[in-house]
Amino acid sequence: MANVDQVTGAKIPKSFVFSRGKIPPTLRHLQQDLRKLMLPYTALKLKEKKRNNLKDFLNVAGPLGVTHFVILSNPKSSPHLRFAKSPQGPTFTFQIKEYALAANIANSQKRPRCPPEIFKNPPLIVLGGFVGVDEPFKSLVEFFRYIVPVVDPASVKLSTCQRILLLQFDKEKEIINFRHYSIMLQPVGVTCKIRKLMQNNQVPDLRDLKDVSDYVTKVGYGSESEPDDEAATVSLSSDIDKLNRASRKSAVRLQEIGPRMTLHLVKVESGLCSGVVLYPEPVAKEGVGENGKEVEEEIEGQEDEDLMESEDDSKDESEE
C-alpha cells in the first residue's frame, strides 16, 4: 500500500495489531476482528512468534511505514488493549470491561450484512461525548483522529465511505463504547422488490404471475420499504450507484458488524509502552514506591506477566 495519499499528500497511517503474552482463544478472535477493522492499512496476516518482543515489531515498523500499534494482553485474566504511536509514543492502555466478537454480532442479527468490499477503504472515525473533556482524554481524541487517513470533505468519494468506527464517551462512568458499523444507503420511496431487482441485475421468477406489474403490486409478494426517518435522510452530492443518485434523496442506515467493546482508560504513558506515567497522576499515599510514583499493580503487572510468559515459552521451546 502507498505511504502517501495521492490527493492530500499526507502520510497514510498504518498499523500492526498483535498480542503480548498468552491470550485465550476468544481474545485471539478479537485480535483478528481488530485487524479486519483496521483494513486496508494493516497487516491482516501478521505472523507472530513466541520469542518476538516489542523491539522486533518496532524494527520492521519504520521500513513498512507503520505508525500505530494495537496490542492485546491478558494480565491476571483481565483483558487489556493498548493503543500506541510508533516509534515514540504515547501509549493509551484500556481495560476491556466487556466485548463481543464480530461473529457474535452477526449471529444475533436476522439479516447480517458484511460484504468483503466494504473493507477496501478505511472506516470513518466518529467521536461522541468528548466535548469539553480535559487531559488525558483530549490527547486521546487527537490520537484516534489520526489513526486512520484524514478525510477531505471536498474531495472524498462517497462510494468509499462504507464503514464507521464510533467511539462514544460516557463521562459519568468514564468508559468508551467502541462500535463498528457498515453504512447502507437506500433510496427513499422505492419498494424492496424494485431495490433488489436493480441491485442484483437478475430477472426475477415470474412464472406464477400473469403480468410483470403483479411482481410489484401483489399483496404479500412485494413488501414496501421501511418507513424513512427524516433525520436520517440525506441529499447526495454525487451518484453512488444505480439507485442512490444525486437527483433523489437516500436514507442512511447503520448496521453493526463488530467487534464491540466497552473500554476503561487505566494508564497513559509518554513513550511506546514505557516512559513517564501521565495518567493516573502520581499521588502521595500508601503504596507509593521509593521513586515517588504510585504503584499500579494491575497495569504494571502486564509487563511482568508478559516477561514471565515469554520466559516460560522459551523454556518450552528449549525442552522441545
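Visitor: Fine. What kind of model is this, and how are residues numbered?

Guide: This is a predicted model, in which local features need pLDDT of at least 70 and side-chain atom pairs count only at pLDDT 80 or more, while totals for chains, interfaces and linings use all residues. Residues are numbered from 1 along each chain as its sequence is written, and side-chain values use heavy atoms, with hydrogens and water left out.

Visitor: How many helices and strands does the protein chain have?

Guide: There are 7 helices and 11 strands in the protein chain. Both are DSSP runs numbered from the N terminus: H or I over at least four residues for helices, E over at least two for strands.

Visitor: What share of the 320 residues counts as buried?

Guide: 41% of them do. Buried means under 20% relative accessible area, exposed is over 50%, and partly exposed lies in between, with a 1.4 Å probe and protein chains only.

Visitor: Which residues of α1 are buried?

Guide: L27, L30, Q31, D33, L34, R35 and L37.

Visitor: What about the largest nonpolar core?

Guide: That core has 34 residues, and L34, L81 and F94 have the most contacts inside it. At least two core residues come from each of several elements, including α1 (25-37), β4 (91-100) and β10 (260-269). The largest share, 5 residues, is supplied by α4. A nonpolar core here is a set of buried Ala, Val, Leu, Ile, Met, Phe, Trp, Tyr and Cys residues joined through side-chain atoms within 4.5 Å.

Visitor: So which residues of α4 are buried?

Guide: F137, L140, V141, F143 and F144 are. Seen down the helix axis, these buried residues of α4 fall within an arc of 160 degrees, so they line one face of the helix. The arc is taken from the directions from the helix axis to the C-beta atoms.

Visitor: Back to F94. What is it in contact with?

Guide: Apart from neighbours within four places in sequence, F94 is in contact with a list that includes L81, L140, F144, I176 and L265. Contact means heavy atoms within 4.5 Å. Of the contacts in the protein chain with a separation of 6 or more, 67% are between residues 24 or more positions apart.

Visitor: Switching to charges. How many salt bridges are there?

Guide: The count comes to 4. The rule asks for a side-chain nitrogen of Lys or Arg within 4 Å of a carboxyl oxygen of Asp or Glu.

Visitor: Where does the one between R145 and E142 sit?

Guide: Both residues are in helix α4 (residues 137-145), 3 residues apart, which is about one helical turn. R145 is partly exposed at 42% relative accessibility, and E142 is partly exposed at 39%.

Visitor: K267 and E269, how far apart are the closest N and O atoms?

Guide: They are 3.7 Å apart, in a salt bridge. K267 is buried at 5% relative accessible area, and E269 is buried at 5% as well. Another salt bridge joins E256 and R260 at 2.9 Å, N to O; E256 is buried at 13%, whereas R260 is partly exposed at 31%.
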